[in-house]
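Try each task before you read its solution.

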Amino acid sequence: MKYNTQNSKIASITEKTLIVGIDVGSQVHYARAFDWRNYEYSRKSFAFSNDEEGFMAFKNWMNDIAEKHDKEVVLPGMEPTGHYWFGLGMFLQDMGMHPVHVNPHHVKKSKELDDNNPNKNDRKDPKTIAALVNEGRFSYPYIPTGIYAEIRNLSNLRFQTQEQITRIKNRIARWFSIYFPEYKEVYGNLDALSGMMILKMAPLPMDIVKLGVDGVNKIWRDAKLRAVGLKRAKTLVNKAEHSIGSHEAPEAARVELQILLSDYEMYNQRMDDLMQTIEEKLYEIPYIDKLLEIKGIGMITICGFIAEVGDIRRFDNPKQLQKLAGYAIVSNDSGKHNGESHISYRGRKRLRYVLYEAAISLIGKNTEFKEIHHYYRTRERNPLKKMQSVIAVACKVIRIFYAILTKGVAYDGAKMIKDIKRPALATN
């Protein structure tokens, strides 16, 4: 990715380059064409539909302008508006072009430069996008292919499934608060098998009271559960007898809980199936087994990392990954004022979340990372606050993952500790 500096981007735009700014929409896209001096070749915005016919018309329009003005390279730039750009981006890529992205935040901030007006329209936005491309303020989109595309899509499905499970758990918690608030005093965990068996047959407190201690215990005995017995049955029935839950609309309450429990089991099964498929796919990537050797790192972390990063060999160094995650350090200095630095938050949100969760897990389970976390917070020079230290550990995770996945080296906790402490020792 050495070609990804702003100077190299500007240098890639020459007199023979046709710059096309595209305002992406859900059904219709709008485009305008410019040369390297921002001189416009298109008299008005070219509108084309988001289908094969529209794409071919757009291609012919660009080719006509390029041929008329003796341009050898066409550089299409667009705002990545949701997922609507994807079909057009793939089409342009298949046509041998290299579509680029401009940051929507930059488009919003710079659209007033020409007319000092913040309005947004289909003619103005393509020009703003093309101007940003001409200044080298663009990025090359990464569209994963092969196994990396498989893992990204599977990871997206895993996130969506997890969101559904969380929503259902919240709705079940709401149901208990209304109809059986004492249940959580008996079962702190919704996944408790013995509790789920009772809820399916006797959802409401009145149903549990009707079953009685012997009835509840019989359900467990018939299922040959060993971890529960008369003592737990007595506790459950006692809580049901003294429940303050609502008695209104019992039939609707039973139906609601049965639906929620059914959905909960369905999505949990889907999650298990997805994780099995993800694990099989991950092992197709070299050196994944070496990442799993790190205590505190599991399949979910590796899946999230690979899904967001893709082929790690496309990066020249770990700092580029740190920037991709939004963990680049931003200083707040001006003149004699030295403000507190912070991370940029400009990057892939899910990658940042995955790395943060990995750092928390490693600090809790991995001896070497726990020692590093303690060192960062207690060192004599520039000690870090707790959250700053967690972010520093997350950045360390990036460097370790990069070294393992690009070089195939094994994780060495002792060497990591030595490398961390070496700068401090050198100053003493």
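**Exercise 1. Find where N7 sits and how exposed the residue is.**

Step 1. N7 belongs to helix α1; helices here are DSSP runs of H or I with at least four residues, strands are E runs of at least two, and both are numbered from the N terminus.
Step 2. N7 has a relative accessibility of 63%, so the residue counts as exposed. The scale calls a residue buried under 20% relative accessible area, exposed over 50% and partly exposed in between, using a 1.4 Å probe and protein chains only.
Step 3. Now look along the chain: N7 and G136 are 129 residues apart, yet their C-alpha atoms are separated by 7.3 Å.

Before going on, two notes on the ground rules. This is a predicted model, in which local features need pLDDT of at least 70 and side-chain atom pairs count only at pLDDT 80 or more, while totals for chains, interfaces and linings use all residues. Residues are numbered from 1 along each chain as its sequence is written, and side-chain values use heavy atoms, with hydrogens and water left out.

**Exercise 2. Decide whether T301 is buried or exposed, and list what it touches.**

Step 1. Go to helix α13, residues 299-309, where T301 lies.
Step 2. T301 counts as buried because its relative accessible area is 14%.
Step 3. Leaving out residues up to four places away in sequence, T301 touches V354, A358 and F401; contact means heavy atoms within 4.5 Å.

**Exercise 3. Work out what the span of α9 tells you, and locate its kink.**

Step 1. Helix α9 covers residues 205-222, and a straight helix of 18 residues would span 26 Å at 1.5 Å a residue; the expected span is 1.5 Å times one less than the number of residues.
Step 2. The end C-alpha atoms of α9 span only 21 Å.
Step 3. Look for a bend: α9 has a kink of about 95 degrees centred on G212. The bend at a residue is the angle between axes fitted to the seven residues ending there and the seven starting there.
Step 4. G212 is also one of the buried residues of α9, among them P205, I208 and W220.
Step 5. The buried residues of α9 pack against α6 (146-179), α8 (193-201), α10 (230-241) and α11 (250-282).
Step 6. Just past the end of α9, K224 takes a positive phi of about 60 degrees.
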